Amino acid sequence: GGAQGLAELVAAAGDRAAAHEALDAVVADAADERAFVREGALSVFVFLPSALGDAFAPHIPRALPLLIAGACDEAEFVRDAAMRAAQALVTRFGRSSAAEILPPLLDGMAHANWRHRRAAVNLVGDLMSSIAASTSAGDTAGHAVSDENAAGERRADESDEQRGRGVMSVGADDDGLATRSQQRAVLETLGSERRAAVLAALYVARGDPAATVQHAAAYVWKSLVTHTGRALAEILPELVLTIIRGLAAADEERQYTAGRALGDLVGKLGAAVLARVLPLLCSAARAERAAVRQGACRGLGEVLAQAGSDAVAEYEAGIVEAMRDALA
């Protein structure tokens, strides 16, 4: 009640300076050492988007990362408050402010904390559901994805840190669940570049070491595509860049996830990927940063394991030279 009352009070004041001041106070309380204070602060954001309406939009870049971080809190009731608030924000502004909402979500999907990644993936699913709900079929499919992600989150919370080296193909059947009208709504709202960035991040997340992230990403992926092979061909340039960035990351889990995605991609598309990926990997194997060299070598290993010797024969000299330099 207090959270809703504060949100309504800020809206009734109709003063931009007052809104900024109230937001500053709420943000400060969200970092309080007492869990009940953090919960109360984050709960305010459940009501602020609807109370302020379009006037809340400028605060999205500040509020959303705070809420995603809150979804990683050690206290379950704080995590629940943060996710309710983030979902309220995404639902209210999904279509009108997708450009502001997506960057924190894509950053969150590459975070070192698995809870952070899970929250970001689930919110991407909520965002896509909000966009697809503009079509009559989208509303049903969107709720199905959200319900599945929520069920997955509850299962994960039963084991506070469910982790594993799951199978990349979980939920990765060639056929997806999206209709043409849903795909059109997503494309019209996001544009081709942002849509490709979302799909690339989801495809990589399907190989996440945390099983709960892996399954959530697989369900959201299936809700956005009609056929995996065609979708991969459409987003291939962005997907390759996303994988290369992951392989070059300092975080070993990101390298692992990107390597699995690369192996799966080569297994699905074969020679179409090799000409684009192998030169980049060979170059990265000579980088100054050790983490970049490590990621490049891991990527080359995945490619060789999936493609076989015949497919990479024309690149053999470059690969051998890159490996020799990496071992030096």
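Against which helices do the buried residues of H4 pack?

**Before selecting anything**

The model is predicted: local features need pLDDT of at least 70, side-chain atom pairs count only at pLDDT 80 or more, and totals for chains, interfaces and linings use all residues. Residues are numbered from 1 along each chain as its sequence is written, and side-chain values use heavy atoms, with hydrogens and water left out.

**Whole chain**

Display the chain as a cartoon. It has 15 helices and zero strands; these are DSSP runs numbered from the N terminus (helices H or I, at least four residues; strands E, at least two). Of the 328 residues in the chain, 49% are buried, where buried means under 20% relative accessible area, exposed over 50%, and partly exposed in between (1.4 Å probe, protein chains only). Among contacts (heavy atoms within 4.5 Å) with a separation of 6 or more, 73% join residues 24 or more positions apart.

The chain exposes about 14,700 Å², and carbon and sulfur atoms supply 51% of it; accessible areas come from the Shrake-Rupley method with a 1.4 Å probe, and for residues only the protein chains shown count as cover.

**Helix H4**

Select residues 60-70, which form helix H4. Its buried residues are Ile60, Ala63, Leu64, Leu67, Ile68 and Gly70. Seen down the axis of H4, these fall within an arc of 155°, so they line one face of the helix; the arc is that of the directions from the helix axis to the C-beta atoms. The buried residues of H4 pack against H3, helix H5 (76-93), H6 and helix H7 (114-132).

**Ala82**

Move to Ala82 in helix H5. Ala82 counts as buried because its relative accessibility is 0%. Not counting residues up to four places away in sequence, Ala82 touches Leu42, Leu67, Gly70 and Ala71. Ala82 and Gly70 are 12 residues apart in sequence, yet 5.3 Å apart in space, C-alpha to C-alpha.

**Thr189**

Select Thr189, in helix H9. With 19% relative accessibility, Thr189 counts as buried. Its contacts, not counting residues up to four places away in sequence, are Gly94, Arg95, Ala98 and Ile131.

**Largest pocket**

Now centre the view on Leu106, Met109, Ala110, Thr242 and Arg254, which lie nearest the centre of the largest pocket among its 21 lining residues. On a 1 Å grid over the protein atoms alone, a pocket is an open set of points with protein on both sides within 12 Å along at least five of seven lines, a cavity is a set where a 1.4 Å probe fits but cannot get out, and lining residues have an atom within 4 Å of a point.

The pocket has a volume of about 420 Å³; grid points are joined across faces, edges and corners, and a volume is the space filled by probe spheres set on the points. Helices H6 (98-108), H9 (180-205), H11 (228-247) and H12 (252-269) each supply at least two lining residues. The lining divides into nine nonpolar, four polar and eight charged residues. Here Ala, Val, Leu, Ile, Met, Phe, Trp, Tyr, Cys and Pro count as nonpolar, Asp, Glu, Lys and Arg as charged, and the others, Gly among them, as polar.

**Second largest cavity**

There are three cavities of 30 Å³ or more. Helices H1 (2-13), H2 (16-29) and H3 (35-52) each supply at least two lining residues, and H2 gives the largest share, four residues. The lining comprises 10 nonpolar residues, one polar and no charged.
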